[in-house]
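These are my notebook entries from going through one model. I started with the helices, then moved on to cores, strands and a few single residues.

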Amino acid sequence: MYADSGISGTQSDNRDEFQRMISDARSGLIDIIITKSISRFARNTMDTLKYVRMLKEDNVAIIFEKENINTLTMNGEVLLTILSSLAQQESESLSANTKMGLRMKMKRGEIVGNQRCLGYDYDKETKMIYINEEEAKTVRYIFDRYTSGTGCFVIAQELTAMGAMTKKGNTQRVDTSVRGIITNEKYKGDLLMGKTFTVDPISKRRLDNFGEEEKYYIKNHHEPII
């Protein structure tokens with residue numbers, strides 16, 4: 001049994017069990033792979049065809065139960081290509097529905113995604129962020145120093161020397177992390193959502209949002225630190 005629990009089938013590279021199965025099959029440990037459907041094998045048409053061809057060369061059969069296909073006995077790849085495309089289309093449709101649901105949450109002012117940042121803790125029950133007073137001291141120090149004319153590079157050096165912790169528990173600071181705090185709207189009590197977006201459900205590549213997708217700015221969303 002090879003199963004990648006809770007992992008999308010759109011990309012095969014991050015599916016450890018899938019890759020182990022392919023490796024075992026190519027090593028001669030497997031004669032037949034039985035899977036419920038094409039969408040369980042892969043939701044990426046290119047991946048499906050790639051691995052079917054690869055295993056076919058090693059005389060390893062893949063049986064898709066739902067579609068009633070045996071890759072060693074099927075004639076040509078036309079049907080497989082069509083069904084694989086449908087599986088990919090299904091994944092893209094699910095992704096579109098998920099994005100729509102997230103947009104609705106953003107419109108309602110609900111926090112979406114990982115909103116952890118220095119100075120705030122996220123409460124899963126209330127789905128809100130609350131000030132972490134110990135971390136907030138560092139945030140106020142950064143803003144006080146910056147407004148007095150000190151640059152980000154110097155502030156980063158000062159924080160490193162002080163041993164001030166980052167949200168991840170590190171003490172090493174760089175100027176870009178300090179700049180990120182200074183430009184973060186959360187510290188004045190506002191919330192901007194949709195800063196990045198996923199290009200497509202297959203590559204899952206994320207880019208900064210410069211207007212390609214909707215953004216949602218909510219004023220006075222939570223208690224400000226500055």
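**Entry 1: a helix pair**

I looked up how α6 (residues 152-162) and α7 (residues 175-182) sit together: their axes come within 8 Å and cross at roughly 105°. That makes α6 roughly perpendicular to α7, since angles of 65 to 115 degrees count as roughly perpendicular, under 35 as roughly parallel, over 145 as roughly antiparallel and the rest as oblique. For my own record, axes are lines fitted to C-alpha atoms, for helices over the stretch in contact, and angles run from 0 to 180 degrees between N-to-C directions. Helices (H or I, at least four residues) and strands (E, at least two) are DSSP runs, numbered from the N terminus.

The model is predicted, so local features need pLDDT of at least 70 and side-chain atom pairs count only at pLDDT 80 or more, while totals for chains, interfaces and linings use all residues. Residues are numbered from 1 along each chain as its sequence is written, and side-chain values use heavy atoms, with hydrogens and water left out.

Which residues make the contact between α6 and α7? From α6 I noted Cys152, Phe153, Ile155, Ala156 and Leu159, and they meet Asp175, Val178, Arg179 and Ile182 of α7; contact means heavy atoms within 4.5 Å. I sorted the residues of this contact into seven nonpolar, no polar and two charged. In that sorting Ala, Val, Leu, Ile, Met, Phe, Trp, Tyr, Cys and Pro count as nonpolar, Asp, Glu, Lys and Arg as charged, and the others, Gly among them, as polar.

**Entry 2: the cores**

I then checked the largest nonpolar core, which has 25 residues. Such a core is a set of buried Ala, Val, Leu, Ile, Met, Phe, Trp, Tyr and Cys residues joined through side-chain atoms within 4.5 Å. Buried is under 20% relative accessible area, exposed over 50%, and partly exposed in between (1.4 Å probe, protein chains only). The residues with the most contacts inside this core are Tyr120, Val139, Ile142, Val178, Ile181, Tyr187 and Ile225. At least two of its residues come from each of β5 (128-131), α5 (133-147), α6, α7 and β6 (191-193).

**Entry 3: the three-stranded sheet**

I traced an open sheet of three strands in the order β1-β2-β3, with mixed pairing. Its edge strands are β1 and β3 (69-70), each pairing on one side only. Two strands pair if DSSP finds at least two bridges between them.

β1 (residues 32-35) and β2 (residues 61-64) run parallel over four bridges. I picked out two of the partners in β2: Ile62 for Ile33 and Ala61 for Ile32. β1 has a covered face with Ile33 and Thr35, and an uncovered one with Ile32 and Ile34.

β2 and β3 are antiparallel over two bridges, and Ile63 has Asn70 as its bridge partner in β3. They form a hairpin with four residues between them.

**Entry 4: two asparagines**

Where in the chain is Asn68? Asn68 is in the loop between β2 and β3, and its phi is positive, about 55°, although it is not a glycine. Asn68 counts as exposed because its relative accessibility is 72%.

Asn59 gave me a positive phi too, near 60°. Asn59 is in the loop between α3 (45-57) and β2, and at 57% relative accessibility it counts as exposed.

I found Gln19 in helix α1 (residues 16-26), partly exposed at 27% relative accessibility. Gln19 and Ile33 are 14 residues apart in sequence, and their C-alpha atoms are 13 Å apart.

Is Ile111 buried or exposed? Ile111 counts as buried, because its relative accessibility is 8%. Ile111 lies in the loop between α4 (78-107) and β4 (120-123). Not counting residues up to four places away in sequence, Ile111 touches Tyr122, Lys127, Met128, Ile129, Leu191, Met193 and His221. I also checked Ile111 against Ile226: they are 115 residues apart along the chain, with 20 Å between their C-alpha atoms.
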